[in-house]
Amino acid sequence: MCYKLARLSLVTAAFAAIAAYSQTDPPNPSAHYRLGPDSLPDDGVPKGEILGPYTLASEAYPGTQHTYWVYVPAQYDAAKPASLMIFNDGQAFMNPLGDIRAYNVMDNLIYRREIPVMIGVFINPGRTPEQPEPNAKEWGDKTTNRPTEYNTLDDKYARVIVDELMPALNKTYNISKDPNERGIGGASSGGIAAFTVAWQRPNEFHKVLTIVGSFTNIRGGDAYPDVILKSEKKPIRIFLQDGRNDNRSLKPDGAYDQSRDWFYQNNRMLRALTEKGYEVNYVFGMDQHGSKMGGAILPEMMRWLWRDQPVSTDPHDHIERSYREAVKRPSK
């Protein structure tokens, strides 16, 4: 009898330990999202160049400036118009040790003809000259103009992209004038900012990519679903990504603010866009607020957004059936 009691006590203690562990150390919802081979350097794939940093003075936000970098793929030919993809929070999307590493994705997918040849731009939020540049730990919400630029539903940030950045790019690169060949993306507040640019200037940008987009009431972003339903449909294609453990706005005292629930508001965006007949794709995973899942699926997001690039079905077209090799450039 004593043996059975002792054994029962051990079992009870084991279950108690498991319960205590589950309460204090719950599984990390973002732990299962890892970068795949399309997001990493691949031997034999021509590598593009990242040029910069460049500084762009802003008239839309007087007294501020934007730092940006330009990705030029190895296959870029100045005689041919190139597509364009802009990433807000550029420092995060180009971080070689970060969760996204977008330039690796572009290297690999351009080489395999899965997306068109495109110029990439990584642009940081605006800041005054004395403010620090955003970095991996502080994206600029506390130190730059990021909250105002990215979360406000006006046309000022669209002016930065269309009226300030694009003329600077066009001086150096042959970028397609076709809005179907232009995309913009971002994460968190950078995601809603990307949507706002396309919403404000649909004659300039048709493709939008958002990772854990902040379509919440930071500065009225939760209004977008109603705005979409009430407005004339615009020629925008959008890919939404979010997680069930994104900021859910649940307080310890049980209070809940639905307008600040990221997952709920991303679902509202999906429903509004679908009801209005937009080209929309989405993936809702388990992740928290961050870029773990978005980085892991960025290759698929890019393939879907750019799936309408011209394709030759001629079996004798050996150019179409071959990899895109680097363009030979004059020696520097």
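**Pockets and helices, questioned**

Mentor: In this predicted model, the lining of the largest pocket comprises 10 nonpolar, three polar and seven charged residues. Residues are numbered from 1 along each chain, local features need pLDDT of at least 70, side-chain atom pairs count only at pLDDT 80 or more, and totals for chains, interfaces and linings use all residues. Side-chain values use heavy atoms, leaving out hydrogens and water.

Trainee: What makes Lys80 and Arg113 stand out in the lining of the largest pocket?

Mentor: Among the 20 lining residues, Lys80, Arg113, Pro116, Val117 and Arg324 lie nearest the centre of the pocket. Lys and Arg count as charged, with Asp and Glu, while Pro and Val are on the nonpolar list. The volume of this pocket is about 580 Å³. A pocket here is an open set of points on a 1 Å grid that take a 1.4 Å probe, with protein on both sides within 12 Å along at least five of seven lines, and lining residues have an atom within 4 Å of a point.

Trainee: And which residues are closest to the centre of the second largest pocket?

Mentor: That pocket has a volume of about 210 Å³. Of its 14 lining residues, Asp141, Arg146, Ser188, Ser189 and His289 are the closest to the centre. The whole lining splits into three nonpolar, six polar and five charged.

Trainee: How do you know that H3 is largely enclosed by the rest of the structure?

Mentor: Helix H3 (residues 102–111) has 10 of its 10 residues buried, so it is largely enclosed. Buried means under 20% relative accessible area. Tyr103, Asp107 and Asn108 are among the buried ones. For the protein, by comparison, 50% of the 332 residues count as buried.

Trainee: What covers the buried residues of H3?

Mentor: The cover includes strands S1 (49–57), S2 (65–72), S3 (83–88) and S4 (118–123), plus helices H2 (90–93) and H9 (292–305). After H3 comes Arg113, with a positive phi near 60 degrees, and Arg113 also sits among the residues nearest the centre of the largest pocket.

Trainee: Why is H5 called roughly perpendicular to H6?

Mentor: H5 (residues 156–170) and H6 (residues 189–200) pack at about 75 degrees, their axes 9 Å apart. That makes the pair roughly perpendicular, a label for angles of 65 to 115 degrees. Tyr157, Ala158 and Ile161 of H5 meet Ala193, Val197 and Gln200 of H6, in contact defined as heavy atoms within 4.5 Å. Five of these residues are nonpolar, one is polar and none is charged.

Terms used:
Axes fitted to C-alpha atoms, helices over the stretch in contact; angles between N-to-C directions. Helix = DSSP H or I, 4+ residues; strand = E, 2+ residues; numbered from the N terminus. Parallel < 35°, antiparallel > 145°, perpendicular 65-115°, else oblique. Points joined across faces, edges and corners; volume = space filled by probe spheres on them. Buried < 20%, exposed > 50% of the residue type's maximum accessible area, 1.4 Å probe, protein only.
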